[in-house]
Amino acid sequence: MHCLNVELGERSYPIIIGSQLLGDAQHLLPYIRGKQVCVVTNETVAPLYLSRVLEALSEFDKVDTIELPDGEAFKTLDTVNRIFDLLLERRHNRSTTLIALGGGVVGDMTGFAAACYQRGVDFVQIPTTLLAQVDSSVGGKTGVNHPLGKNMIGAFYQPRVVIADMDTLATLPEREFSAGIAEVIKYGLICDEPFFCWLEDNISRLMARDPQALAYAVDRSCRDKAAVVAEDERESGRRAILNFGHTFGHAIEAVQGYGNWLHGEAVAAGMVMAAELSHLRGSIEAGLVERVRALLEAARLPTAAPQGMTTEAFLDAMAVDKKVMDGRLRLVLLRALGDAQIIDDTPRELIEQALQTCGA
Ligand code: NAD
Ligand code: MG
């Protein structure tokens, strides 16, 4: 078992990583202060893992559960309102604890509900996707989508504890698993050269979902993200390096239609584009771009633009018109392996060239 602390002053909390943690009360109970608990999960995860979590909660007077519909389309205020309805109907008071059992969608909504219910109640994260374990459960961003924008309504709100059980990853669909690996590789690239090299050596163990390799990769990813977040909790500067590959990736998601490419898949292709651009700017060697490509391919992730998506389509989606270029497009690029920086003076021609190299 690995345990690390996210250092955020009085909002600090531990992340516990290992196997067979779900049904184990000893990791959960110390972080629940009141007598009431509500487990929030979804219709896919509940049949797989809910009963084990309920076992660990057997000593509580009041344990309610709510199963939300599955999918990003349900990450809305309406769905969060269903959580509020249940909490009020079942008379949960200010000392209740919400437990998020599921992927990032469940985690983001549960955290947001906890931030708002009676002006803030405790919450615990039990992330069950790789992406949730290495990314969305760390750092305290919570929220929902609005018809006019993704994640536009939300709050910074930290959990009391995160419990990441590697066993839950055994049932994750292959594409979802690879999408999580994309964010893992991102940490190596932006701030952890030794981890990137470890990933190169261990990618086949990871893809075989070896629990020990997974626990190491989750631990290391959480440490890397936690360190960046601890420096800049509310993203006024350095936290933006976590968006490496994401500007290109968001363009892919927007043009392909959200859901066709998974976020992690779009980020994978986006990271190759950002690496190519870093090379064109003269910061990194061509050989490093090749290593990035090879590692992502070994993780069964895309490394080029979607079929038929032109540089124009990218630049439009990235809002790279003249005005934005004059007013600067901020991109996260590599200065070296394990060293990202935010650059806002990249010439449009270089961006086009990088995109073309990646098949746009
Ligand atoms: P998700 O929550 O939709 O989960 C992906 C799919 O896997 C879903 O169908 C889910 O029901 C299913 N699933 C979950 N656990 C499973 C398991 N153990 N076995 C089988 N199936 C399982 O998606 P995600 O990738 O976990 O998270 C994406 C969300 O996270 C997005 O809404 C994104 O905005 C958010 N996010 C938030 C942050 C943050 O900092 N808060 C960071 C990154 C992403
Ligand atoms: Mg991401």
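Visitor: Why is the passage of α7 over α11 called a left-handed crossing?

Guide: α7 passes α11 in a left-handed crossing, because the near helix is turned anticlockwise from the far one by less than a right angle; clockwise would be right-handed. This is a predicted model: local features need pLDDT of at least 70, side-chain atom pairs count only at pLDDT 80 or more, and totals for chains, interfaces and linings use all residues. Residues are numbered from 1 along each chain as its sequence is written, with chains lettered from A and ligands numbered from 1 in the order in which they are written.

Visitor: What makes α7 roughly parallel to α11?

Guide: The angle. The axes of α7 (residues 193-207) and α11 (residues 286-298) cross at roughly 25° and come within 10 Å. Angles under 35 degrees count as roughly parallel, so α7 and α11 qualify.

Visitor: Which residues of α7 and α11 meet?

Guide: Leu199, Glu200 and Ile203 in α7 meet Arg291, Leu295 and Ala298 in α11 (C-beta atoms, placed from the backbone, within 7 Å). By class, this contact has four nonpolar, no polar and two charged residues.

Visitor: How do you know that Glu183, His246 and His263 gather at one spot?

Guide: UniProt, in an unreviewed entry, places the feature "binding site" at these three. They span 81 residues in sequence, yet no two of their C-alpha atoms are more than 10.2 Å apart, so they gather at one spot. His246 lies in helix α9 (residues 246-256).

Visitor: What surrounds ligand 1?

Guide: 26 residues do, and the closest are Gly103, Gly104, Val105, Thr129 and Ser136 (C-beta atom, placed from the backbone, within 6 Å). α4 (104-116) and α5 (130-136) are the elements giving two or more residues to this shell.

Conventions: Helix = DSSP H or I, 4+ residues; strand = E, 2+ residues; numbered from the N terminus. Axes fitted to C-alpha atoms, helices over the stretch in contact; angles between N-to-C directions. Parallel < 35°, antiparallel > 145°, perpendicular 65-115°, else oblique. Contact = placed C-beta atoms within 7 Å. Nonpolar A, V, L, I, M, F, W, Y, C, P; charged D, E, K, R; others polar. UniProt positions renumbered as here; feature names shortened; annotations may be inferred.
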